[in-house]
Amino acid sequence: MNPEIVEYLRHHDIELPLYLQHILKFSGYDNFYLFPKITSNDIKSIEQFAREEMHQFITKDDNLENFYGFFKTTLESFKIVPGHQKLLLEAANKLQLHKKRKESQKLAEVKKRTKRLHSAEFTTDNSLNSIQENEESDRIIAISEHILKTQKSYLLGLISKLPNYDELSIKVNEIHVNVVQKDEQLSGMISCPFCNKQLKLCWMKQKVNYNARPIYGNYHNHVKTHIPNDRQKGTRKNTVTNEANQVITKFFKNCNDGDKTDHEIHGKRRNDRRI
Ligand SMILES: [Zn+2]
């Protein structure tokens, strides 16, 4: 696999198993453009590729374990095991942030160069501007990383007692955050992992710095609409038959009519709290 990607991930304590590295290479994902975009849907098509096509690239002398992992003796039922799916999504996430950081550095460079071209004299003001732009993008990345980290752990706590935890936790790992700074004001969106709705992040009026944090009340009120009430309180019912199905039905029902209006969401602002 692309050694630069392997090295970068290793630096972040992520070691992809050899079989996964081979599959990513053969399925065309071992590059900085596509790897960061891998979603759980892509994982399904990668698995299908491994089951149906990959054998063509393997020779008799190859050790099948290096290509199919635990499924080396049952290639036709090959799957990427849940833990490795999470690892893959986590790696994609890290590469996404890396890509954003590189892009904003590039943008700052281009702006700097354009300014230099347009001004007859290159004054110290110009270099000051680009330092400020770099600082701004670093700050936004730091804020975004913090939001992602805290909200993922909040969501994982919320779903921890649900019977379909494994499936939902993969979705949780795919939430994305987009923070924007305009003048001295932060704004942004965060996605709901259960219905993909984009929700506005609200900010206290405070100084824009590395420690600027949004208020998550609206977001938490929304995501909680997908969780059955008794599960939120942490109580367990063990007599209900077919409980898993009920949870799933309710989950999808909420997704369909859970499109809360802004009015409804803002009405709950008093419950805002930090976590
Ligand atoms: Zn939702």
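1. Strand 1 (residues 177-182) and strand 2 run antiparallel and are joined by 6 bridges. Strands here are DSSP E runs of at least two residues, numbered from the N terminus. Two strands count as paired if DSSP finds at least two bridges between them. Within this pairing, Val 177 has Ile 190 of strand 2 as its bridge partner.

2. The model is predicted: local features need pLDDT of at least 70, side-chain atom pairs count only at pLDDT 80 or more, and totals for chains, interfaces and linings use all residues. Residue numbers start from 1 along each chain as its sequence is written.

3. The hairpin of strand 1 and strand 2 has 2 residues between the strands. Asp 183 takes a positive phi there, near 50 degrees.

4. Strand 2 also pairs with strand 3 (residues 198-200), again antiparallel, over 3 bridges. Ser 191 has Gln 198 of strand 3 as its bridge partner. This hairpin has 6 residues between the strands, and Asn 196 takes a positive phi near 65 degrees.

5. Which residues of strand 2 are buried? Leu 186, Gly 188 and Ile 190 are, and they point to one face. A residue is buried if 20 or more other C-beta atoms, placed from the backbone, lie within 10 Å of its own. In a regular strand the side chains alternate between the two faces of the sheet.

6. For the whole protein, there are 11 helices (DSSP H or I runs, at least four residues) and 5 strands. Buried residues make up 19% of the 275 residues.

Notes: Buried ≥ 20, exposed ≤ 12 C-beta atoms within 10 Å, placed from the backbone.
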